[in-house]
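User: I have a new protein open and want to get my bearings. Can we go through it together?
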Amino acid sequence: MLFQLSKTLGLFALTALAEIIGCYLPYLWLKQGHSAWLLVPAALSLAAFAWLLTLHPQAAGRVYAAYGGVYISMALLWLWAVDSVKPSVADFIGVGFCLLGMSIIMFAPRPG
């Protein structure tokens with residue numbers, strides 16, 4: 001069970017990182033005047049994001065729902081690490097609720 005939890009969270013974390021990078025690079029081009037060539041790695045990153053989501057054995061809708069909680073967590077880590085903005089206590093509490101919801105969606109016992 002612990003291995004499955006670690007594998008799922010790690011896969012979600014990689015997926016979130018791919019999505020964030022895929023969205024951040026166009027942001028750098030559009031908002032900060034960086035090269036349009038950033039769209040090439042952005043597209044590759046978004047393709048990796050979509051592919052990574054397919055690696056979960058659960059139903060797609062359940063994976064997408066649970067992924068949101070991990071994405072929020074990774075976005076706040078990105079805020080802290082890349083944008084140099086320390087998340088607030090309320091941010092951390094919110095992430096805790098999101099991860100609790102993600103855990104219930106992904107790991108709750110199901111009939112059949």
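User: Of the contacts between residues at least 6 apart in sequence, what share joins residues at least 24 apart?
Analyst: In this predicted model, the share is 69%.

User: How many helices and strands are there?
Analyst: There are 4 helices and 0 strands. From the N terminus on, the order reads α-α-α-α.

User: What does the C-alpha trace span?
Analyst: Along its principal axes, about 50 × 35 × 20 Å.

User: And what percentage of the residues is buried?
Analyst: Buried residues make up 28% of the 112 in the protein.

User: What about the accessible surface? How much of it belongs to carbon and sulfur atoms?
Analyst: The accessible surface is about 7,000 Å². Carbon and sulfur atoms account for 74% of that.

User: Let's move to H3. What span should we expect for that helix, and what does the model give?
Analyst: H3 covers residues 60–81, which is 22 residues. At 1.5 Å a residue it should span 32 Å. The C-alpha atoms at its ends are 30 Å apart, so the two values agree.

User: Where is the kink in H3 centred?
Analyst: On glycine 68. The kink is about 25°.

User: Which residues of H3 are buried?
Analyst: They are Val63, Ala66, Tyr67, Gly69, Val70, Ser73, Met74, Leu76 and Trp78.

User: What do those pack against?
Analyst: Three helices: H1 (2–32), H2 (39–53) and H4 (89–107).

User: New topic: threonine 8. Where is that one?
Analyst: Threonine 8 sits in helix H1.

User: Buried or exposed?
Analyst: Threonine 8 is buried, because its relative accessible area is 2% and the cut-off for buried is under 20%.

User: Which residues is threonine 8 in contact with, leaving aside neighbours within four places in sequence?
Analyst: Threonine 8 is in contact with His56, Met106 and Phe107.

User: How far is threonine 8 from leucine 44?
Analyst: Their C-alpha atoms are separated by 22 Å. Along the chain, the two are 36 residues apart.

User: Last one. Which residues form the nonpolar patch on the surface?
Analyst: Val89, Ile93, Phe97, Leu100 and Ile104. Together they have about 540 Å² of accessible area. One of them, isoleucine 104, lies in helix H4.

Note on methods:
Residues are numbered from 1 along each chain as its sequence is written. This is a predicted model: local features need pLDDT of at least 70, side-chain atom pairs count only at pLDDT 80 or more; totals for chains, interfaces and linings use all residues. Side-chain values use heavy atoms; hydrogens and water are left out. Helices (H or I, at least four residues) and strands (E, at least two) are DSSP runs, numbered from the N terminus. The expected span of a helix is 1.5 Å times one less than its number of residues. The bend at a residue is the angle between axes fitted to the seven residues ending there and the seven starting there. Buried means under 20% relative accessible area, exposed over 50%, partly exposed in between (1.4 Å probe, protein chains only). Contact means heavy atoms within 4.5 Å. Patches are made of residues with over 30% relative accessible area and no salt bridge: like charges are joined within 9 Å, nonpolar side chains (Val, Leu, Ile, Met, Phe, Trp, Tyr) within 5 Å. Accessible areas come from the Shrake-Rupley method with a 1.4 Å probe; for residues, only the protein chains shown count as cover. A salt bridge is a side-chain nitrogen of Lys or Arg within 4 Å of a carboxyl oxygen of Asp or Glu.
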